[in-house]
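These are my notebook entries on a single chain model. I record what I looked up, entry by entry.

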Amino acid sequence: MAPQGDLARVRPVRNVILILLDSLNRHMLGCYGAHEFATPQIDRLAARSVRFDRHYVGSLPCMPARHDILCGALDFLWRPWGSVEIWEDAITAHLRAAGVTSQLITDHPHLFETGGENYHVDFTAWDYQRGHEGDAWKTRPDPSWAGAPSFGRGHMPYDNSRGWFRGEADFPGPRTLAAGARWIEDNAGCHDRFFLMIDEFDPHEPFDTPEPYASLYDPDWEGPHLIWPPYAVDGVARGVLTARDGAQIRACYGGKLTMIDAWLGRLLDALDAKALWDDTLVILCTDHGHYLGERDIWGKPGAPLYEPMARIPLMMAGPGLAPGACDALTTSVDLFATLAELFDVASVRQSTHGVSLLPLLRGETDAVRDHVLAGVWGREVQLITKAWKYVRAPIAANAPLAVYSNRWSTMPTHVLSRQDEMPLPDHRARLDRMPGSPTPVLKQIWQAGDRVPFWAARRFSGPALFDLEADPDEGTNLVGTDLEADAAATLARALAKIDAPPTQFERLGLTPATA
């Protein structure tokens, strides 16, 4: 059942604090029944929250997920990765127009590099804590940092930054959450309404922490800690890493999770001190999970979205909300819709795909949607219901592939050339439209044999269908049974409902007519 509470008070909530912890594995949190790593502060927040038990990703990975949350529109069916497009507005643009103060505090490098460079611009103010992963912060390393095995990544900007962190408080994650606590201390009571987004890149790799966290879960490890996970399918089976290496990588993730959990506690202390629970909705979420050996998958490689990656944590605490569990199916774009209702945003320019979660919180309904669409551009498309998950892989040569964008960019890999990351449009490019928008958009179609964005140039394992109720570990593939035809037809209807590009139907071997 949906949680019950005096949710007449949720509608006039004055403020929202949204805390996004990147790559936060639901199945490793105490509040979701895990015991492998210590997460007492996340559990502390969960104890006063509505915990969503069937919350799923939409678009992946990092920036597409943030586009889902901040713009409310699924990204992965139209482009691989990118900034806010000219035909759409982030929720913060509407808050600015309404006079709501908004603040971004983050250490997420992708927000300040090509492909993510304008998500921050409509915040009233933003604070970027430097030095995480791919952040080009320093031009030379401090000689005190000896580096760490990287499983083929080569030199990363983090190698220049790491030696400048002298103690735990100097690491980007602790600095970010400490900055969030200071903002609350300095600003609580000073604004009529506010939206604070703390976009914390931990526990994303590198899984680098000082002691005691570095050795907390693998005290017998000798040598440099394995802070950079490989991105690999069948990693141990193919010899990319050993089982012992895998245990160390997983332990390093756990150390970072426990470290960032401790610093989250300081933020919660600031909320307590300023009594913000009386008028503020606090949301904890993530963008996606991170494979750490489940099914011998590591990192975020080209692979189907199994539960460890796709099923993610979400919790909300606020005035009048009775703590408990919500079993309704939800996804990332629903956060945009929830924020829009809370802040009285009546209409937006772009077509959106989310539904507000406030009816669930008010106890008015037990469900707001019957399916979730999820995926990575150019990869499998997942249709998820409460009962089953259908993974539709491309047929033949994974073609045609289309990108719709007026901001031609993608994730900087620090490894590939820009042309390998995102080939430029060619003579086949045409102007088209996004659903619901009159703004012309550049559309590029690639055919079989073309150089394509690197996201799509990976192997596929074929379609899959899992009964999530009888087989939550997704061990039995039901493709080929009578259930598959129904699943494929449901997927076709779901794609047609949101006006997905015709190329998606073609590459997946579906037709809108089956809808």
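Is aspartate 334 buried or exposed, and at what relative accessibility? I find aspartate 334 at 0% relative accessibility, so it counts as buried (under 20% relative accessible area, with exposed over 50% and partly exposed in between; 1.4 Å probe, protein chains only).

I note the provenance here: the model is predicted, local features need pLDDT of at least 70, side-chain atom pairs count only at pLDDT 80 or more, and totals for chains, interfaces and linings use all residues. Residues are numbered from 1 along each chain as its sequence is written, and side-chain values use heavy atoms, with hydrogens and water left out.

**Entry: surroundings of aspartate 334.** I placed aspartate 334 in helix H8, residues 333-342. Helices (H or I, at least four residues) and strands (E, at least two) are DSSP runs, numbered from the N terminus. Leaving aside residues up to four places away in sequence, I list Gly354, Val355, Ser356, Leu357 and Arg369 as touching aspartate 334 (contact: heavy atoms within 4.5 Å).

**Entry: aromatic pairs.** I counted 16 aromatic pairs. The rule takes rings of Phe, Tyr and Trp (its six-membered ring) with centres within 6.5 Å; planes under 30 degrees apart are stacked, over 60 edge-to-face, and the rest tilted. Tryptophan 81 and tryptophan 455 are stacked, at 5.8 Å centre to centre with 25° between the planes. These two residues are 374 apart in the chain: tryptophan 81 is in the loop between H2 and H3, and tryptophan 455 in the loop between S18 and S19. Both tryptophans are buried.

I then examined phenylalanine 195 and phenylalanine 343, whose ring centres are 6.5 Å apart with planes at 70°, so the pair is edge-to-face. Phenylalanine 195 belongs to strand S6 and phenylalanine 343 to the loop between H8 and H9, so the pair ties together parts 148 residues apart in sequence. Both phenylalanines are buried.

**Entry: cluster and charges.** I recorded one aromatic cluster formed by Trp137, Tyr158, Phe165, Phe171 and Trp228. The charged end of arginine 175 sits over the ring of tryptophan 137, 5.7 Å from its centre (NZ of Lys or CZ of Arg within 6 Å of the ring centre and within 35 degrees of the ring normal). Likewise, the charged end of lysine 138 is over the ring of tryptophan 164, 4.8 Å from its centre.

**Entry: a sheet.** I traced an open sheet of three strands, ordered S7-S10-S9 and paired antiparallel (strands pair if DSSP finds at least two bridges between them). Its edge strands are S7 (232-233) and S9 (291-292), each pairing on one side only. S9 and S10 (residues 297-299) pair over two bridges, and tyrosine 291 stands opposite glycine 299 in S10.
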